[in-house]
Amino acid sequence: MPFNAPAVRRVALLAALVLPSAVLAQPASFTPEQREAIGGIVREYLLKNPEVLQEAFTELQRRQQVAEQAGRAEVLTAERGKLENSPRDFVLGNPQGDVTMVEFLDYNCGYCKRAMADVKALIKSDPKLRVVIKDFPVLGPGSVEASRVALAAKSQLAGDKLYDFHTRLMERRGQANGESAKAVAKEMGLDMARLEKDLQSNEIDATLQENMGLGERLGINGTPGFVIGNEVIAGAVGVEPLKQVIANTRK
């Protein structure tokens, strides 16, 4: 059987949860025969009381969630500036809003397309909401190409025009890639020669590296991913759950 580190860790944790501490405290003090006997006793007990394993798994999941939340809290504290105020991102809604909602997105993500309507609704209904958009192209080379063009377009667009570019690219049918993103840029009258030059900028690489690093440290492995205050929310959860987190953050 191949070595599976996560599986081994889970077994070890389960053992710590299920077995008496006296058994685990000094395993070297037992003879091989004693260890075999103890193993037989534990096996017999678990077979007769399988619900103990379910209880242990539940406790293991709880401990893992607590550890993940603690890890995220540390990252949020350390990286709040990059997360909410990086000059590399673009801001929607109220730039001086009292609550910031950060969205990690991919232009090929169907759920991001669905969530775009939610973000628009939140901006319209909440004049104090500040929204930060972070390109997070996790769905392949086409997504990376589209994000690069979108980031290059920032040198020629700002405010509502930049949001218009973002919306058009997100709503465009078919695969998002460099070609489709450039088509949107051309439709909007951008200087295409300048765009091609800006695509070679090291700043685009730095932006994507920053975003991918933040997402990884926060445990965001899919899109959309939202960060509001100290909450990390995965997926297109809808307007109401986001509203509730925003309200809780204001408190």
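Mentor: Let's start at F136, which counts as buried because its relative accessible area is 2%; buried means under 20% relative accessible area, exposed over 50%, and partly exposed in between, using a 1.4 Å probe and protein chains only. Before going on, keep in mind that this is a predicted model, where local features need pLDDT of at least 70, side-chain atom pairs count only at pLDDT 80 or more, and totals for chains, interfaces and linings use all residues. Residues are numbered from 1 along each chain as its sequence is written, and side-chain values use heavy atoms, with hydrogens and water left out.

The partner of F136 is F104: the two form an edge-to-face aromatic pair, with 5.3 Å centre to centre and 80 degrees between the planes. Rings of Phe, Tyr and Trp (its six-membered ring) pair if their centres lie within 6.5 Å; planes under 30 degrees apart count as stacked, over 60 as edge-to-face and the rest as tilted. By this rule, the count comes to one aromatic pair. F104 lies in strand β2 and F136 in the loop between β3 and α6, so the pair ties together parts that are 32 residues apart in sequence. Helices (H or I, at least four residues) and strands (E, at least two) are DSSP runs, numbered from the N terminus. F104 has 0% relative accessibility, so this residue counts as buried too.

Now follow F104 into the sheet. Its bridge partner in β4 is G225, and β2 and β4 run antiparallel, joined by four bridges. Two strands pair if DSSP finds at least two bridges between them. Strand β2 (residues 99-105) also pairs with strand β3 (residues 129-135), in the parallel sense and over seven bridges; M101, for instance, has V131 as its bridge partner in β3. Step back, and you find five strands in an open sheet, in the order β1-β3-β2-β4-β5, with mixed pairing. At the edges are β1 (90-93) and β5 (231-234), each of which pairs on one side only.

Strand β4 (residues 225-228) deserves a look as well: G225 and V227 point one way, F226 and I228 the other, and all are buried. Four bridges join β4 to β5, and these two run antiparallel, with I233 in β5 as the bridge partner of F226. In the hairpin of β4 and β5, two residues sit between the strands, and G229 takes a positive phi near 60 degrees.

What surrounds these strands? The largest nonpolar core has 43 residues, and those with the most contacts inside it are M101, Y107, F165, L169 and I228. A nonpolar core is a set of buried Ala, Val, Leu, Ile, Met, Phe, Trp, Tyr and Cys residues joined through side-chain atoms within 4.5 Å. Helix α6 (residues 141-153) gives the most to this core, with six residues. Apart from it lies another core, of twelve residues, and F104 is among them, as are L83, L218 and V232.

Finally, how far can you trust the picture? The protein averages a pLDDT of 86, and 86% of the residues score at least 70; pLDDT is the predictor's confidence in each residue, from 0 to 100. Over residues 1-5, however, pLDDT stays under 50. Where pLDDT is low, the predicted coordinates should not be read in detail.

How values were computed. Contact = heavy atoms within 4.5 Å.
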